[in-house]
Amino acid sequence: MDTSPLGLLRVFAPKVPFILKTALWHSLWLSPTSSKWDLRTEITVRIIRSLLDNPNPTPLAKQQRWSLRDPGIKGKMWISKITLPRPDEEDIRDVLVEAIASQDEGEGIYTVPPIMPVEAEWAGYRANVGHDRQRLDLSEAQHYEKLMAEVTSPVTILYFHGGAHFMMDPASHRIPVSRLAHLTNGRCLSVRYRLAPQNPFPCALLDAFQAYISLLLPAPGSFHVAVPVKHIVFAGDSAGGNITLALLQLILQINRSSSRRVLNFHGRCIDLPLPVPAGIAGNSSWADLTRCMPSIASNAQWDYLPAPLTNEKISTFPHDEIWPTDPPRGDIYCDLTMLCHPLVSPLAAKDWTGSCPMWFCYGEEMLADEGKSVASLAAQQGVTVIWEQFEAMSHCFSMIFDQLATGRRCFKDWADFCVRVGNDTDEEEQVKLETKGTWFAAKMCKETDVDVTSLAVCSQEEVAERMRARTLARMQGREGEGKIMPRL
């Protein structure tokens, strides 16, 4: 999308009649969502939906380039840009490959990626400045020192941005990430993982794993010192939530299956089993790349994400320099043979025992059922799970509608969880964290308790069958998404 004034005018001017019609229907209570949404929410969701469901989609490379435009750094945030150097040892890649093989029940196809330097941004809250205050002209090391001077909590959030695995980066998520840092009084390390389709699975997961080990064992010359694992919290939104769950599952699988005793990294070693983080916190995490669960259809009216395409709606996605891939691949993130792998679609994971506490937040959105299944299974296996779902809210609603009570409550609870698991200054406080599920009614956030162990709408056997059937349909070309770029 062209974000110049003229470009935005071209996009939104034709939608003026649509906006006026939406406002009229909402005001007359003729819209099916009028009782749950205010006018701003209704117009915003419908505009986003119309842009994402464009019958003439923008080429993939153009979308990616647009999403990677740096908006600049100003206002109430400290940002320090870093590069995590590539280790000379290849242990992190080797254990990743072993873990993939140990969970592969078929003949999944993927390419073993090289280990690369990983760019990231340290983010923190900058107090006592206006929203337009420009960034100081300092070195990145000095910016990190300024950031740490305002940090009063040991909480360290390892953050993975959303963007369907092919868009966005830490620059696009500076506002919500610095907000998390503010609410936790801590710091965030936001990772610029490699994007698909140029870098398919498991590139992003390898980068995420490298970032985690780099917190525990910093390379020489790093700005930060080793971070105790009891202070590290994984967090992410949408596709970043997918990476968060996959990274946790990777660590658990390494601990279950690896025969190694140590992991070598930058001339040092870390003993196995690997430490798990203090907690993970996902906002609208994308747990199922097959998109097979019932809420994909049943919750569509509350969401802006396009539904999976039907044969009647198949359209040819425009070709460009990055899509289709060479050789052709049926999914933007991975080969279709990998869709049901637990490190691609964490919904397929069978074992979460040994996990740290988990926080899930969803709207009444299309991805809700996959989150319910993961949360329910983990709780049944003895993991402490906090589940929060907000009535009539869309995907990642708190990052779009921060003016709403629901959006503010979601962000507050997200940060509160990170503090409770990552502060670790009071042992009794850790004991108080118990599995709990909450349904928040629209607008006023009235709370109703729900049983987390009973959240799942399908049995594990039914989930596995749904995922297999959906994958098979895409491989055989019976589903539209098997022929074009997935449009989540």
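Reader: Why is C340 called partly exposed in this model?

Author: Happy to explain, and please keep in mind that the model is predicted. C340 has a relative accessible area of 26%. Buried means under 20% and exposed means over 50%, so C340 falls in between and is called partly exposed.

Reader: How do you know that C340 is in no disulfide?

Author: The nearest cysteine sulfur belongs to C292 and is 7.7 Å away. A disulfide needs two cysteine sulfur atoms within 2.5 Å, so C340 is in no disulfide. The structure as a whole holds zero disulfides.

Reader: And what about C269: is this cysteine buried, partly exposed or exposed?

Author: Its relative accessible area is 42%.

Reader: Where else does C340 turn up? Which residues are closest to the centre of the second largest pocket?

Author: That pocket holds about 630 Å³ of space. Of the 27 residues that line the second largest pocket, E105, C340, H341, A348 and R468 are the closest to its centre. Helix α14 (460–475) gives the most to this lining, with eight residues. By class, the lining has 12 nonpolar, eight polar and seven charged residues.

Reader: Why is K443 called partly exposed?

Author: For K443 the relative accessible area is 41%. Since that value lies between 20% and 50%, K443 is called partly exposed. K443 also has a positive phi, near 70°, and its place is in the loop between β11 (436–440) and β12 (447–450).

Reader: What makes the peptide bond from A196 to P197 cis?

Author: Omega of that bond is near 0°. P197 is found in the loop between β4 (187–192) and α8 (203–216). The peptide bond from D326 to P327 is also cis, with omega near 0°.

Reader: Which residues touch the most other members of the largest nonpolar core?

Author: They are L158, F209, L247, W352 and M358, in a core of 139 residues. Leaving aside neighbours within four places in sequence, M358 is in contact with residues including L245, I280, W352 and F417.

Definitions and conventions:
Residues numbered from 1 in each chain as written. Predicted model: local features only at pLDDT ≥ 70, side-chain atom pairs only at ≥ 80, totals over all residues. Heavy atoms only, no water. 1 Å grid on protein atoms, 1.4 Å probe; cavity = no way out; pocket = protein on both sides within 12 Å on 5 of 7 lines; lining within 4 Å. Points joined across faces, edges and corners; volume = space filled by probe spheres on them. Helix = DSSP H or I, 4+ residues; strand = E, 2+ residues; numbered from the N terminus. Nonpolar A, V, L, I, M, F, W, Y, C, P; charged D, E, K, R; others polar. Buried < 20%, exposed > 50% of the residue type's maximum accessible area, 1.4 Å probe, protein only. Core = buried A, V, L, I, M, F, W, Y, C linked by side-chain atoms within 4.5 Å. Contact = heavy atoms within 4.5 Å.
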